[in-house]
Amino acid sequence: MENRAYNYAIVRSFVTWSVIWGLVAVLVGVIVSFQMVEPDLNFPPYLTFGRLRPIHTNAGIYGWGVGVIFATFLYIVQRLCKTPLWSDKLAKFQLWFFNATIIASAVTLLLGYTTSKEYHEMEWPIDVMIIILWVAFAINIVMTILKRKEEQMYISLWYMLAAIIGVAILFTVNAAAVPASLFKSYSAYAGTNDANVHWWFGHNAVAMALTAPPLAMFYYFLPKSTGVPIYSHRLSIIAFWSLIFMYLWTGAHHLLWTPVPDWIQTLAMGFSVMLIAPSWGSVFNGYLSMNGQWHQMRDNYLIKYLILGITFYGLQTLQGPMQAIRTFSAFIHYTDWVPAHIHMGTMGWVSMISFASIYFLLPRIYGKEVYSIPLANLQFWLILVGQLIWSISLWIAGVLQAGMWNAMNPDGSLTFTFMETMVEMYPYWWARCLGGLVYMAGLIIFIYNLYMTAKKGKPTVNNAAAAAGRA
Amino acid sequence: MWEKKPVLLIIMATGAILVGTIITMVLPFVWVNTDADRIEGVKPYTALQQEGRDIYIREGCNNCHTQTVRPLVSDVLRYGEYSKSGEFVYDRPFLWGSKRTGPDLARLGGKYPDTWHYKHMESPRAMVPKSNMPDYGWLSANPLDPQMIQRKMETLGFPFTAEEIKALEGKNEMDAMVAYMQKLGTDIPWRQSNATEIVGDLTNPYAGVDHDSMEAWESIYTENCAACHGEHMEGVIGPELVGADYEEEVLFEIIYTGIADGGMPSFSSLGTDKVWKLVNFIKYYHLEEGHH
C-alpha cells in the first residue's frame with residue numbers, strides 16, 4: 001500500500017468529463033440567448049427557455065464547476081499530502097456516479113421535473129444522488145488528508161475542507177422537501193421562509209462551490225506556475241477565516257425590498273460590504289505574489305489566465321457588495337445587470353482559473369507537453385473578449401432598463417410601460433448572443449487543444465515519470 | 001495549530017459557518033409565517049389553482065417573471081400594492097424569482113379577463129406585439145389528472161372537496177394556468193382599497209383638438225387598447241369603442257381607474273396626459289375621419 005502510485009487516471013477522467021459538461025453548459029447558454037431575441041426558437045414542450053435555462057445553469061455549476069473541483073482537488077490533495085488517494089475504488093465510483101447524476105439532472109429538467117429553486121432545480125431523487133456523490137468525494141479527501149505524509153496543511157487544503165463542509169450543509173438543508181411522487185415534491189419551507197432559506201443556500205453555494213474551491217486552486221496553481229511562493233501565509237489565514245465566517249450572513253442581499261424581515265436584509269447588506277476585505281485579501285495576496293515576476297504575464301500564458309482570473313474575482317467582489325446596498329439594489333435588481341454580474345464571475349473568475357488549472361495539469365497527468373501554446377493564447381483572448389462583450393452590453397442594458405422603469409412624468413405617473421422598456425433590450429440581447437458565440441469559440445479551441453495534447457503532445461522531459469505514476 | 005490538525009480545522013470551520021447561518025437563516029423561523037405576519041383572508045390554493053401553479057413551475061415561468069412587488073414608487077405604480085410576508089404562507093416553494101425579463105406577476109389576478117389570458121398564452125404577440133414570450137397554446141391539449149392533483153393536495157395539506165376534484169375532469173392545463181394567474185395577489189382586497197378616486201372637476205385639456213394632432217396619439221391606443229378593443233376599435237375581448245357615447249369625463253374615469261369587476265384594467269400608470277389623449281382619440285378620431 002505504501003508504495004502505491006498517485007492516481008492521475010482519475011484526474012484525467014474528471015478533466016475530460018468536466019470539459020464535456022462545460023461545453024454543454026455554454027452551448028445551451030448560447031441557445032437560450034437566441035431564444036430571448038427570437039421566441040420562435042422555442043420548441044415546446046421540451047426545448048423552451050423556461051426548461052433549458054436551468055440546464056444551462058446547472059450544467060455550468062454542477063457539470064463544469066464541480067467537475068473541475070473534483071479533477072483539481074483529487075490532484076492537489078495527493079500532491080499536498082504527499083500520499084496517493086485513500087481509495088481509488090471510491091474515486092472511480094465518484095466518477096461514474098458524477099456523470100450519472102449530471103445526465104439524470106439534464107434529462108429530468110428537460111422533462112419538466114423541477115423544484116424551481118434557482119441553482120437547485122433538480123427534484124428530490126437527484127438531490128439524493130448529489131448528496132451521495134458529495135459524501136463519496138468528501139470521504140476520499142478527508143481520509144487522504146488524515147493519512148498525509150506532510151504534517152503542515154497548505155492553505156488550499158483548508159479551502160477544500162471548508163468547501164466540503166459548507167456545500168454539504170447548504171445543499172442538504174435547502175433540499176428538504178416532502179415528495180408527492182417520484183418526480184414532484186413540495187419544499188419543507190413556505191413563502192418568506194423558503195425564500196430566505198433558498199438564498200442563504202443560493203448565495204453561499206457561490207461561496208462554497210464557486211469561491212472557496214477556485215481560491216484553493218489559485219493558491220496552489222499560482223505559486224506552482226510562477227515558481228515563487230505565495231506572498232503572505234498570514235494574510236491567507238486572516239482572509240480564510242473572515243471569508244467563511246462572513247459569507248453566511250449575506251444571502252438576504254438577494255431579497256432586498258422583499259417581505260423578508262428588514263433586519264435580515266440589513267445584516268446581509270452590512271456583511272456583504274465587509275466581505276470586500278477578505279475577498280481583496282486574496283486578490284492582494286495574488287498580486288503581491290507577483291512581485292518581481294510580472295514579466296511572466298508576457299512569458300507564461302498560465303499566469304495570464306490566473307492573474308486575469310483573480311482580477312475578475314476582485315471586480316466581482318466589489319460589484320457584488322455594491323449591488324447588495326439597498327439603494328443600488330432598488331435600482332438595478334431584476335434587470336439584465338444581474339446576469340452580467342454573474343457571468344463575470346463564472347466566465348471570468350471561475351473559468352479562467354479552471355482553464356489555467358487544467359493547462360497546468362495536462363503535462364503532469366498525460367506526461368505530454370501542451371499541444372499548442374499559441375492556441376492557448378488565442379483561447380485566452382476569445383474568452384476574455386467574449387465575456388466582456390457579454391457583461392458590458394448587459395450592464396448597459398440593465399442601467400438603461402432600470403432608468404426607464406423608474407422614469408416618472410411630472411404628474412407622478414410612470415413614463416414608460418413595461419413593454420416600452422423591454423423592446424429597448426433587444427439590441428443588447430443580440431450583443432449577448434455574439435458574446436456567447438465568441439466565448440464558445442474559445443472553449444472549442446480549448447477542447448481541441450486538450451484533445452491534441454492527449455493524442456499528439458510531445459512527451460515531457462521532466463514529468464514523464466510523474467505521469468507514469470512513479471513520482 | 002489547526003494547520004496541523006484537520007479534524008480541529010473542520011470543527012472550527014463548521015462553527016464559523018454556523019454562526020451566520022443560525023442568526024440569519026434559522027432564527028427568522030421564530031417570526032415568519034406565525035401570528036406575527038399573519039393576514040386574515042389569505043387562503044390556500046384550490047385544486048385547480050395549485051395545479052396551475054405546478055405547471056407554472058414545470059415550465060420554468062419563474063425564470064422570466066418575478067412575483068414580489070417591492071415597496072418602491074415605481075414598483076407599486078406599475079404592479080400594485082407591495083407584497084407582504086403573510087400573503088405567501090401557502091407558497092411551496094416561493095416563486096419570487098430574480099429576473100424581470102417579463103413583468104412581475106404578484107398582483108396579476110383580476111387585472112385582465114380570463115379570455116385575455118387564454119389568448120395571450122396561445123399567442124403572446126397577438127396581445128403584446130413585441131413580446132419575446134414563447135407560445136403556450138399547447139397546454140390546452142393536455143388534460144388534467146384529477147387523481148394526481150388530489151394526491152398533491154393531500155401532500156400539501158390543503159382543504160379540498162370530492163366535487164372539486166371531480167370538476168377537474170375535462171379541464172386542461174391551460175384552464176389550470178389561467179385559474180392560477182387569476183388568483184395571484186388577490187387574497188388582500190388591494191384593488192378596491194387602492195382604487196383611484198377622482199376629486200374635483202375634470203377638464204379635457206385637448207378639447208376641440210384637430211384630426212391631424214390626434215393621429216400622433218394612435219400609438220398610445222395601439223399599444224395599450226388594441227389587443228382587447230381591436231385595432232380599429234371594433235371590439236374583440238372588450239366592447240366596440242367606435243362612437244362610444246360616454247361623456248369625456250366618464251370615459252376618462254373608466255380608463256384611469258378601470259372597471260374592477262368588468263375586466264377593464266386601470267391605466268392610471270399612463271398618467272393623466274396620456275389618458276386624456278386616449279379619451280379624445282377614442283371619442284373623436286373615427287368621428288372626424290368620417291367627415292374627411
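**View 1. Charges and surface of chain A.** The mean positions of the 25 positive and 18 negative charges of chain A sit 19 Å apart. Here Lys and Arg count as positive and Asp and Glu as negative, with His and the chain ends left out; each charge is placed at NZ of Lys, CZ of Arg, CG of Asp or CD of Glu. Keep in mind that this is a predicted model, where local features need pLDDT of at least 70, side-chain atom pairs count only at pLDDT 80 or more, and totals for chains, interfaces and linings use all residues. Residues are numbered from 1 along each chain as its sequence is written, chains are lettered from A and ligands numbered from 1 in the order in which they are written, and side-chain values use heavy atoms, with hydrogens and water left out. Chain A exposes about 16100 Å², an area computed by the Shrake-Rupley method with a 1.4 Å probe; for residues, only the protein chains shown count as cover. Carbon and sulfur atoms supply 71% of that surface.

**View 2. The overall build of chain A.** You'll find 18 helices and 2 strands in chain A; these are DSSP runs numbered from the N terminus, with helices being H or I of at least four residues and strands being E of at least two. Chain A has a radius of gyration of 22 Å, close to the 23 Å from the globule rule for 471 residues, so it is as compact as a globular protein of that length. That radius is taken over C-alpha atoms, and the rule is 2.2 Å times the number of residues to the power 0.38. The C-alpha trace spans about 80 × 50 × 45 Å along the principal axes of chain A. Of the 471 residues in chain A, 65% are buried, where buried means under 20% relative accessible area, exposed over 50%, and partly exposed in between (1.4 Å probe, protein chains only). Among the contacts in chain A with a separation of 6 or more, 83% link residues 24 or more positions apart; a contact means heavy atoms within 4.5 Å.

**View 3. The β1–β2 hairpin of chain A.** Strand β1 (residues 177-181) of chain A pairs with strand β2 (residues 184-187) of chain A in the antiparallel sense, over 4 bridges. Pairing takes at least two DSSP bridges between the strands. The hairpin gets from β1(A) to β2(A) through 2 residues. Look for A:Ala177, whose bridge partner in β2(A) is A:Ser187.

View 4. The peptide bond from A:Pro44 to A:Pro45 is cis, with omega near 0°. A:Pro45 belongs to the loop between α1 (9-37) and α2 (49-81) of chain A. Reaching across from the other chain, B:Glu59 touches A:Pro45, A:Thr48, A:Gly50 and A:Arg51, plus B:Tyr136 and B:Trp138, not counting residues up to four places away in sequence. B:Glu59 lies in the loop between α2 (47-58) and α3 of chain B, and at 1% relative accessibility it counts as buried.

**View 5. Two positive phi angles in chain A loops.** A:Lys82 isn't a glycine, yet its phi is positive at about 50°. You'll spot A:Lys82 in the loop between α2 and α3 (88-110) of chain A, where it is partly exposed at 47% relative accessibility. A:Ser116, also not a glycine, has a positive phi near 75°. This serine, A:Ser116, is in the loop between α3 and α4 (124-146) of chain A and is buried, with a relative accessible area of 7%.

View 6. A:Gly398 is part of helix α15 (residues 373-406) of chain A and is buried, with a relative accessible area of 0%. Leaving aside neighbours within four places in sequence, A:Gly398 is in contact with A:Ile332, A:Thr335, A:Asp336 and A:Trp337. A:Lys456 is 58 residues away from A:Gly398 in sequence and 46 Å away in space, C-alpha to C-alpha.

View 7. Chain B comes to 14 helices and 0 strands. Its radius of gyration is 24 Å, while a compact globule of 292 residues would have one near 19 Å. The C-alpha trace of chain B spans about 90 × 50 × 35 Å along its principal axes, and 52% of the 292 residues count as buried. Chain B carries 26 positive and 42 negative side chains, with the centres of the two sets 12 Å apart. The peptide bond from B:Arg92 to B:Pro93 is cis, with omega near -5°, and B:Pro93 is in the loop between α3 (73-79) and α4 (114-122) of chain B.
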